[in-house]
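Here is a briefing on one protein model. Keep the sequence and the structure open while you read.

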Amino acid sequence: MKNFQCPSCDSMQVNEIANVLVGPESFCTSLCHCDDCDFLYLANHEAWLESAYQESFYGDTGYMQRNLNTVDFMELFLLLLTQSLPKNSSLKCCDFGTGLGIFPRMMRDRGFDFWGFDDYATMDLIKPFLADHSIDFDVVTAFEVVEHLPKLSFWLNTFKDSWPSAFVFSTELRANGEVPSEDWWYYAFSNGQHISFHSEKSLKAALKKESVPHKLVRVPGTNIYCLAINDKIETIFRRAAFLYRLLQKFKFCSKSLRKILGFSRASLTWDDHIYAMKVKGRA
């Protein structure tokens with residue numbers, strides 16, 4: 001029987017759920033679950049994680065659509081946040097785990113002072129606005145990043161010397177206590193980049209352990225969350241969430257009308273993903 005220690009809460013009450021093959025080299029590792037904090041993770045990620053990031057494209061065909069959605073939401077949130085500031089004040093923002101830099105580039109195109117930070121990517125599209133530890137930020141984003149981190153401290157400690165007013169991030173949370181079957185799409189074992197699979201319970205436990213002075217709130221009906229430093233930021237985030245959902249309803253009406261008129265086409269996003277994975281030999 002292997003002895004595992006939870007990388008999130010340090011508990012030894014960890015069960016090995018299954019042996020799985022992960023990454024481009026099909027490394028055999030253990031899918032583990034912590035009974036204490038409910039964290040679900042892949043053990044021994046050091047053995048394959050570097051090779052998992054060797055290619056700039058790894059089959060993620062939903063990248064552009066996610067960025068378009070998050071740009072729309074963040075524009076609402078930052079506009080409301082800016083209105084609450086003293087006149088002539090501005091916000092400095094950082095996108096953590098930015099990849100190519102599409103999201104912060106689009107935010108700069110809409111007039112927001114966004115920078116990029118990523119230890120695993122060249123961030124070509126956001127150059128020369130690359131963040132370092134000498135810059136203090138008011139808002140930090142991390143879209144589809146949490147599941148790539150062995151524990152939250154790697155993300156949070158980057159900004160620990162000057163906590164931002166808000167961390168806005170996205171990730172797919174499991175139901176508390178649930179261990180999805182091995183065919184769950186979010187595991188993405190063949191890519192090997194997703195190594196942490198939080199529930200709300202495990203996420204809150206990790207934030208408590210890291211002494212994060214923020215409250216966790218969510219945009220209803222989405223996987224977008226915010227760590228708000230105070231009630232004021234939380235209220236602004238909730239207002240932005242309400243407006244975003246309202247605008248999404250108008251978009252749905254527009255799509256429905258286009259479909260009726262014969263203008264719309266079925267999305268190729270998922271079909272393209274399946275094809276890309278076959279081409280790369282990971283289907």
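Ser30 lies in strand S2, residues 27-34. Helices (H or I, at least four residues) and strands (E, at least two) are DSSP runs, numbered from the N terminus. The model is predicted: local features need pLDDT of at least 70, side-chain atom pairs count only at pLDDT 80 or more, and totals for chains, interfaces and linings use all residues. Residues are numbered from 1 along each chain as its sequence is written, and side-chain values use heavy atoms, with hydrogens and water left out.

**Ser30 and its surroundings**

- Ser30 counts as buried, because its relative accessibility is 2%. Buried means under 20% relative accessible area, exposed over 50%, and partly exposed in between (1.4 Å probe, protein chains only).
- The Ser30 side chain makes a polar contact with the side chain of Glu16, at 2.5 Å. A polar contact is a pair of N or O atoms within 3.5 Å; within protein, one must be able to donate a hydrogen and the other to accept it, and residues adjacent in sequence count only if both atoms are side-chain atoms.
- Beyond its neighbours within four places in sequence, Ser30 is in contact with Lys2, Phe4, Glu16, Ala18, Asn19, Tyr41, Leu42 and Ala43. Contact means heavy atoms within 4.5 Å.
- S2 as a whole is mostly covered, with 6 of its 8 residues buried.

**The sheet around S2**

- S2 belongs to an open sheet of 4 strands, in the order S1-S2-S3-S8, with antiparallel pairing. Strands S1 (14-22) and S8 (196-197) stand at the edges; each has a single partner strand, so one side of each is left without a neighbour in the sheet.
- Two strands pair if DSSP finds at least two bridges between them. S1 and S2 pair in the antiparallel sense over 8 bridges.
- Glu16 has Cys32 of S2 as its bridge partner. Ala18 is bridged to Leu31 in S2.
- S1 and S2 form a hairpin with 4 residues between them, and Gly23 in the turn has a positive phi of about 80°.
- On to S3 (residues 40-42): 3 bridges join S2 to this strand, and the two run antiparallel. Cys32 stands opposite Tyr41 in S3.
- S2 and S3 also form a hairpin, with 5 residues between them; Asp38 in the turn has a positive phi of about 75°.

**Helix H5**

- Helix H5 (residues 200-209) has Ser202, Leu203, Ala206 and Leu207 as its buried residues. Seen down the axis of H5, these residues fall within an arc of 135°, so they line one face of the helix. The arc is that of the directions from the helix axis to the C-beta atoms.
- An α-helix has 3.6 residues a turn, so residues three or four places apart point the same way.
- The buried residues of H5 pack against helix H4 (153-156) and strands S7 (166-170), S9 (215-218) and S10 (224-228).
- Just after H5, Ser211 takes a positive phi of about 55°.

**Cysteines**

- How many disulfides does the structure hold? There are 0. A disulfide here is a pair of cysteine sulfur atoms within 2.5 Å.
- Cys6 is in no disulfide; its nearest cysteine sulfur, that of Cys37, is 3.7 Å away.
- Cys6 counts as buried, because its relative accessibility is 1%. Cys226 is buried too, with a relative accessible area of 0%.

**Two loop residues**

- Phe159 sits in the loop between H4 and S7. At 9% relative accessibility, Phe159 counts as buried.
- Not counting residues up to four places away in sequence, Phe159 touches Cys94, Phe96, Phe137, Val140, Pro164 and Phe167. The C-alpha atoms of Phe159 and Val140 are 8.8 Å apart, and the two residues are 19 apart along the chain.
- Glu172 is in the loop between S7 and S8. Glu172 is partly exposed, with a relative accessible area of 28%.
- Not counting residues up to four places away in sequence, Glu172 touches Trp184, Trp185, Tyr186, His198 and Asn223.

**Whole protein**

- The secondary structure comes to 7 helices and 10 strands.
- Buried residues make up 46% of the 283 residues.
- Among contacts between residues at least 6 apart in sequence, 62% join residues at least 24 apart.
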